[in-house]
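Here is a short briefing to read alongside the model. It begins with the contact between the chains and then turns to the fold.

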There are 2 protein chains.
Amino acid sequence: MIKLGDTYSYNITFNQNNVNVFAEITGDNNPIHIDSEFAKNTPFGRPIVHGFYSASVFSMVFGTKFPGEGTIYMYQDMKFFAPVFVEEQYVAKFEVIEVNTEKHRGTIKCILENKDGKPVIEGIAKLQNSKQFV
Amino acid sequence: MIKLGDTYSYNITFNQNNVNVFAEITGDNNPIHIDSEFAKNTPFGRPIVHGFYSASVFSMVFGTKFPGEGTIYMYQDMKFFAPVFVEEQYVAKFEVIEVNTEKHRGTIKCILENKDGKPVIEGIAKLQNSKQFV
């Protein structure tokens, strides 16, 4: 059972191999994600992880951990504040900001923070889970 | 140059192999996405594509086609209305609903429609591109 105010966090590091695979399966093969020589000449100086790959940690947590099995994804928004780099540690932080037990729905604030505690992605998710939002 | 009212569309079909790969690289290995036997006993009757994988078509189009190179992703939201299935045809439709030429920013409405023309994912994106929003 998940209640208003509950929190969860998950540590994650993205690696270049998986970023290359994400580029392949989505077709998003922009060199800024996969070509370190190209990326050297951009303002970021090195390859950055696709926004949708880095933010997919939110979705993974919702589907498999918090709330987990049976979760139906209704809504997600994402503000991309800063680039996400490979081989650096990030932490995804979650906080339940609204629960509707009648409809078995919850709203969860989600933040991806870098190792300095700075938010790089922030958003909210709306989920339905008939076992957890009760 | 991209102007207010411009539209773009992109046909896409998701295959089970790529869904399995997405599950691997994200860790979102919920059986509803990858196990057809398990999925038979769900309300959907067959595996459904991860929301973040299906919606990543928006991101791929922004980064590589419309507006394309140099796009900085600032914001995306997504309402998930209905499941997305493998091996079915979908079309991602885009419409520019706001342009700020001073800040080189644009807001784009994005819809993923199924083969019956029904929206399955809908949202807006906010992008920056100094070559296209001029």
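The contact draws 25 residues from chain B and 25 residues from chain A, where contact means heavy atoms within 4.5 Å. This is a predicted model, in which local features need pLDDT of at least 70 and side-chain atom pairs count only at pLDDT 80 or more, while totals for chains, interfaces and linings use all residues. Residues are numbered from 1 along each chain as its sequence is written, chains are lettered from A and ligands numbered from 1 in the order in which they are written, and side-chain values use heavy atoms, with hydrogens and water left out.

**The interface**

- About 2,600 Å² is buried between chain B and chain A, and carbon and sulfur atoms give 65% of that area. Buried area here is the accessible area (1.4 Å probe) that two parts lose on being put together, summed over both.
- B:I25, B:F52 and B:F80 supply 26% of what chain B buries against chain A, more than any other three residues.
- On the side of chain B that touches chain A, α1 (16-26), α4 (51-64) and β2 (72-80) each supply at least two residues. These elements are DSSP runs numbered from the N terminus: helices are H or I with at least four residues, and strands are E with at least two.
- That side of chain B divides into twelve nonpolar, ten polar and three charged residues. In this scheme Ala, Val, Leu, Ile, Met, Phe, Trp, Tyr, Cys and Pro count as nonpolar, Asp, Glu, Lys and Arg as charged, and the others, Gly among them, as polar.
- How many salt bridges are there between chain B and chain A? The count is zero, taking a salt bridge as a side-chain nitrogen of Lys or Arg within 4 Å of a carboxyl oxygen of Asp or Glu.
- Eight residue pairs are in polar contact across the interface, both residues being at pLDDT 80 or more. A polar contact is a pair of N or O atoms within 3.5 Å; within protein, one must be able to donate a hydrogen and the other to accept it, and residues adjacent in sequence count only if both atoms are side-chain atoms.

**Strand pairing between the chains**

- Strand β2 (residues 72-80) of chain A runs antiparallel to β2(B), and five bridges join them. Two strands pair if DSSP finds at least two bridges between them.
- Within this pairing, A:K79 stands opposite B:Y75, and A:Q76 has B:M78 as its bridge partner.

**Symmetry**

- Chain B superposes on chain A by a rotation of 180 degrees with 0.0 Å of shift along the axis (RMSD 0.0 Å). That is the relation of a two-fold axis; copies are superposed by least squares on the C-alpha atoms of residues with pLDDT of at least 70 in both.
- Which residue of chain B comes closest to the rotation axis? B:D77 does, with its C-alpha at 2.0 Å.
- Both copies use the same surface, as 100% of the contact residues of chain B recur in chain A.

**The fold of chain A**

- Chain A has four helices and five strands, and from the N terminus on its elements run β-α-α-α-α-β-β-β-β.
- Along the principal axes, the C-alpha atoms of chain A fill a box of roughly 55 × 30 × 20 Å.
- Strand β1 (residues 7-13) of chain A pairs with β3(A) in the antiparallel sense over seven bridges, with A:T13 opposite A:Q89.
- β3(A) also pairs with β4(A), antiparallel and over nine bridges, and here A:E95 stands opposite A:K109.
- β2(A) is joined by six bridges to the antiparallel strand β5 (residues 119-128) of chain A; A:I72 has A:Q128 as its bridge partner.

**Local features**

- In the hairpin of β3(A) and β4(A), with four residues between the strands, A:H104 takes a positive phi near 55 degrees, a positive value in a residue other than glycine.
- The peptide bond joining A:F66 and A:P67 is cis, with omega about 5 degrees, and A:P67 is found in the loop between α4 (51-64) and β2 of chain A.
- In chain B, the bond from B:F66 to B:P67 is cis as well, with omega near 5 degrees.

**Salt bridges**

- Over all chains, the structure holds twelve salt bridges.
- One joins the side chains of A:E88 and A:R46 (2.9 Å, N to O). A:E88 lies in the loop between β2 and β3 of chain A and A:R46 in the loop between α3 (36-40) and α4, so the pair ties together parts that are 42 residues apart in sequence.
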